[in-house]
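Visitor: I have not seen this structure before. Please take me through it in questions and answers.

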Amino acid sequence: MPRTLEGQITMEKTPSYFVTKEAPKRIYNMSRDTKLIVVVRNPVTRAISDYTQTLSKNPTIPSFQALAFKNISTGLIDTTWSAVRIGIYAKHLDNWLQYFPLSKFLFVSGERLVSDPAGEMGRVQDFLGLKRVVTDKHFYFNETKGFPCLKKPEGSSRPRCLGKSKGRPHPKIHGQVIQRLQEFYRPFNMKFYQMTGQDFGWD
């Protein structure tokens, strides 16, 4: 990480940090004062989105159902598949809490980031000790993508939207598959709500 001067904040993001076993220890050894922001969304939707992303790069992969289940007839979920494993947030948080107290974390709701981007960004600014500069006047909802976009930043002529890989239509997944995954995640979600003191409303 680059050196940070007084009055500066250095930020970095990588989705895999939260689920990488070695990451908490390495970040702790770098700086135990690091503030950690984790964006989470319904793990079922997250798994389908993950699959959609992979499918766009490799259209020959097996169906979502084939990858999600070890045994479809018994309903046994394959937790070795990364798309499923990543959504077991309580397990990953357990690993982080061995190094960082809960006060160092801000958990941002992926759903609220879409429905109320300014509200979630307000929480982020408060957590980082910043003045609330980003407000609802900075966002508009893009109907085509189904996501909020940033209005034209100063000195730029175009609004800033998420890239082509975001907002893709998801493949149709059988209702029973979704229901089984919801049942699988429910106890992990409940534990995550207890650990964070936040109910994300995924059930």
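Visitor: What share of the residues in the chain is buried?
Guide: This is a predicted model, and every value here is computed from it. A residue counts as buried when its relative accessible area is under 20%. The chain has 203 residues, and the buried share of them is 33%.

Visitor: How many helices and strands does the secondary structure of the chain have?
Guide: Read along the sequence, the pattern is α-β-α-α-β-β-α-α-β-α-α-β-β-α. Along the principal axes, the C-alpha atoms fill a box of roughly 60 × 45 × 30 Å. The secondary structure comes to 8 helices and 6 strands.

Visitor: Which share of the accessible surface belongs to carbon and sulfur atoms?
Guide: The accessible surface of the chain comes to about 13,000 Å². Of that area, the part belonging to carbon and sulfur atoms is 53%.

Visitor: Which residues form a nonpolar patch on the surface?
Guide: One of them, Ile-9, lies in the segment before helix H1 (23-30). Ile-9 counts as partly exposed because its relative accessibility is 44%. Together the patch residues have about 450 Å² of accessible area, and they are Ile-9, Met-11, Ile-37, Val-39 and Leu-130.

Visitor: What covers the buried residues of H7?
Guide: Helix H7 spans residues 117-127, and its buried residues are Pro-117, Ala-118, Glu-120, Gly-122, Val-124, Gln-125 and Phe-127. Just after H7, Gly-129 takes a positive phi of about 70°. The cover of the buried residues includes strand E1 (36-40), strand E4 (105-109), helix H6 (110-115), strand E5 (139-142) and strand E6 (147-150).

Visitor: At what angle do helix H5 and helix H8 pack?
Guide: On the H5 side (residues 89-96), the residues that meet H8 are Tyr-89, Ala-90, Leu-93 and Asp-94. On the H8 side (residues 175-196), they are Phe-188, Lys-191, Phe-192, Met-195 and Thr-196. By class, this contact has 6 nonpolar, 1 polar and 2 charged residues. The axes of H5 and H8 are 8 Å apart, and the angle is about 40°.

Visitor: Why does the salt bridge of Lys-191 and Asp-94 tie together parts that are apart in sequence, and how many residues apart are they?
Guide: The side chains of Lys-191 and Asp-94 meet in a salt bridge, at 2.9 Å from N to O. Lys-191 is partly exposed, with a relative accessible area of 36%, and Asp-94 is partly exposed at 33%. Because Lys-191 lies in helix H8 and Asp-94 in helix H5, the pair ties together parts whose separation in sequence is 97 residues.

Visitor: What separates Asp-50 and Arg-46 in helix H2?
Guide: Asp-50 forms a salt bridge with Arg-46, and the closest N and O atoms are 3.0 Å apart. Arg-46 counts as buried, since its relative accessibility is 15%. Asp-50 and Arg-46 are 4 residues apart in helix H2, so what separates them is about one helical turn.

Visitor: Which residue forms a salt bridge with Arg-180?
Guide: Arg-180 counts as partly exposed at 26% relative accessibility. The closest N and O atoms of the pair are 3.9 Å apart, and the partner is Glu-183.

Visitor: How many salt bridges does the structure hold?
Guide: Side chains of opposite charge can pair when their charged atoms come close. The pair of Asp-50 and Arg-46 is one of the salt bridges. The structure holds 7.

Visitor: Which residues is Asn-189 in contact with, leaving aside its neighbours within four places in sequence?
Guide: Asn-189 lies in helix H8. Asn-189 is buried because its relative accessible area is 2%, and the limit is under 20%. Beyond its sequence neighbours, the contacts of Asn-189 are Pro-43, Trp-202 and Asp-203.

Visitor: How far apart in space are Thr-45 and Gln-182?
Guide: Thr-45 lies in helix H2 (residues 43-57), and Thr-45 counts as partly exposed at 28% relative accessibility. In sequence, Thr-45 and Gln-182 are 137 residues apart. In space, C-alpha to C-alpha, the distance is 9.8 Å.

How values were computed: Residues are numbered from 1 along each chain as its sequence is written. This is a predicted model: local features need pLDDT of at least 70, side-chain atom pairs count only at pLDDT 80 or more; totals for chains, interfaces and linings use all residues. Side-chain values use heavy atoms; hydrogens and water are left out. Helices (H or I, at least four residues) and strands (E, at least two) are DSSP runs, numbered from the N terminus. Buried means under 20% relative accessible area, exposed over 50%, partly exposed in between (1.4 Å probe, protein chains only). Axes are lines fitted to C-alpha atoms, for helices over the stretch in contact, and angles run from 0 to 180 degrees between N-to-C directions. Contact means heavy atoms within 4.5 Å. Ala, Val, Leu, Ile, Met, Phe, Trp, Tyr, Cys and Pro count as nonpolar, Asp, Glu, Lys and Arg as charged, and the others, Gly among them, as polar. Patches are made of residues with over 30% relative accessible area and no salt bridge: like charges are joined within 9 Å, nonpolar side chains (Val, Leu, Ile, Met, Phe, Trp, Tyr) within 5 Å. Accessible areas come from the Shrake-Rupley method with a 1.4 Å probe; for residues, only the protein chains shown count as cover. A salt bridge is a side-chain nitrogen of Lys or Arg within 4 Å of a carboxyl oxygen of Asp or Glu.
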